[in-house]
Amino acid sequence: MTATQPISDPRTGAVRDLIARRPTMLAALACLVSFTGFWIAQRAAHVSMIDLMVYRAEGWTMRTGRDLYAMVATEANLPNTYPPFAAIIFAPLTWLGVPAMRTAATAANLGLLVAVVHLSLRLVGRPQRVPRTAATLAISAVAVWCEPVWTTLRYGQINLLLAVLVLWDLTRRADHRWAGTGIGIAAGIKLTPALFAVFLALVGAAQGWRRLRGGGRVWNPALRRAAVAAGAFAATVTVAAVALPRDSRDFWTRMVFAANRVGHAEETANQSVRGVLARLLHTPDPGGSWLVAAALVGALGLAVAVAAALAGDRLPSGTAWAACACAVTALLVSPVSWSHHWVWCVPMVLLLGSEALRRRDPRWRVGAALTAVLFCSFVPWAVPHTPGRRFELHQNPGEMLLSAVYPLIGLAFLAVAGTQAVRALRIRREALRAVIPAQSRGTRQDQAYADR
């Protein structure tokens, strides 16, 4: 053995062999340890699960026939802001005592996190060298500690459920009979996921135009999926209208327009364009400036999502780019997007990590790692944010930057996704231009031969 030859440690080799032979078992153990530590940490922090208590109050109000949009719950006097269909979904929460309900909700959300990771990996086409189950459990063990997921479980929120419904739809065969149902139901529970149906309709319209120009049929799987989503959403509205006619009328005629019922726009937790503008302008109501900014961001984001979907196989993981772009757009343009709504950071980070592995470019690795670190850093909470004191109306530039970290990540992601989609579309267009003249030459040669 030479002096420069490294001495191998038998223990290191044994660990590598064990990981290679039992990756799923070790990942399951890591996930169990992480989830147990998370459960202990949440209980030690005496989390209130305040949103879960509001959901329970909504279910109870629905069961007792009281006014769903006049109720307030918990010591914070929080109102109901969801469509009436959500109250029907929340009714089973009243069947359990509060301690049992909190335990069941935490366990369910941890299971939903595993489902989000699994569906996100399917969306990006990973992993390629290890079992997907092992990758899902290992990533879930880490993802539970990122701020949006932690806060979702802390409040007992439904963000992971909504993400699973949407991802379940987007990872199914496009021509599946029920593809689109998940998006429609998610929109019936909370309106924000409805943007995915708009996205699918735009993609379908663009693909239909392409087919029409080529002499084909306009109807296509994207239009079908959008139609199914619209039908499922209409079904939720109908069910609620039959079961809760008064509450349905109140929501669709008044409450749907009352953005301020959700909370103060300037709160640090509001990681949307409206929240950023409220803090930037030192005003609780950014008014017209927000509407203009939201319209611009919404149009840009949908254009990026549609372009990524239309790029096809010229853009690896094109569906994932489109789905994440649409989700980010919905979060940015919503009047209020609390930090825990950003659980879509999980598929976003996995997509960026997948691209970093595929490209082997240090810039992609740095970008993916930085995005993951920022979502795990709890940075938005580093500024003064005492409830009721409204410190956010008097932030300095540094505090504004810290409390805008998620929207800034979202805008940066849209810029990257847009660049990738435009390049892919350009390559696709050039390939078509190269094919069409060749076909034309072949047609002319065939005609000349026929003339002879």
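Modeller: A residue is buried under 20% relative accessible area, exposed over 50% and partly exposed in between (1.4 Å probe, protein chains only). This is a predicted model, with local features needing pLDDT of at least 70 and side-chain atom pairs 80 or more, while totals for chains, interfaces and linings use all residues. Numbering starts from 1 along each chain as its sequence is written, and side-chain values use heavy atoms, leaving out hydrogens and water.

On to the rings. Phe, Tyr and Trp (six-membered ring) pair with centres within 6.5 Å; planes under 30 degrees apart are stacked, over 60 edge-to-face, the rest tilted. That rule gives 15 aromatic pairs. Take Phe196 with Trp344: the ring centres are 5.5 Å apart and the planes sit at 25°, so this pair is stacked. Phe196 belongs to helix H10 (194–213), while Trp344 is in the loop between H15 and helix H16 (345–359), which puts the partners 148 residues apart and makes the pair a link between distant parts of the chain. (Helices are DSSP runs of H or I, at least four residues, numbered from the N terminus.) Phe196 is buried at 3% relative accessibility, and Trp344 is buried too, at 10%.

A pair with another geometry is Trp321 with Trp364, which is edge-to-face, at 6.2 Å centre to centre and 75° between the planes. Trp321 comes from helix H15 and Trp364 from helix H17 (362–376), so this contact ties together parts 43 residues apart in sequence. Trp321 has a relative accessible area of 0%, so it is buried; Trp364 is buried as well, at 15%.

Ser317 sits in the loop between helix H14 (288–310) and helix H15 (318–333), and it has a positive phi of about 60° although it isn't a glycine. With a relative accessible area of 19%, Ser317 is buried. Met49 likewise isn't a glycine and has a positive phi, about 50°. Its place is the loop between helix H2 (23–44) and helix H3 (50–64), and Met49 is buried at 2% relative accessible area. Most residues other than glycine have a negative phi, and most peptide bonds are trans. Still on the backbone, Arg126 and Pro127 are joined by a cis peptide bond, omega about -5°. You'll find Pro127 in the loop between helix H5 (98–124) and helix H6 (132–143).

Back to rings: Tyr69, Phe233, Phe251 and Trp252 are linked into a cluster by ring pairs. (The axes are lines fitted to C-alpha atoms over the stretch in contact, with angles from 0 to 180 degrees between N-to-C directions.) H11 brings Val228, Ala229, Ala232, Phe233 and Thr236 to the contact, and H9 brings Thr181, Ile183, Gly184, Ile185, Ala187 and Gly188; contact means heavy atoms within 4.5 Å.

Technical notes. Helices (H or I, at least four residues) and strands (E, at least two) are DSSP runs, numbered from the N terminus.
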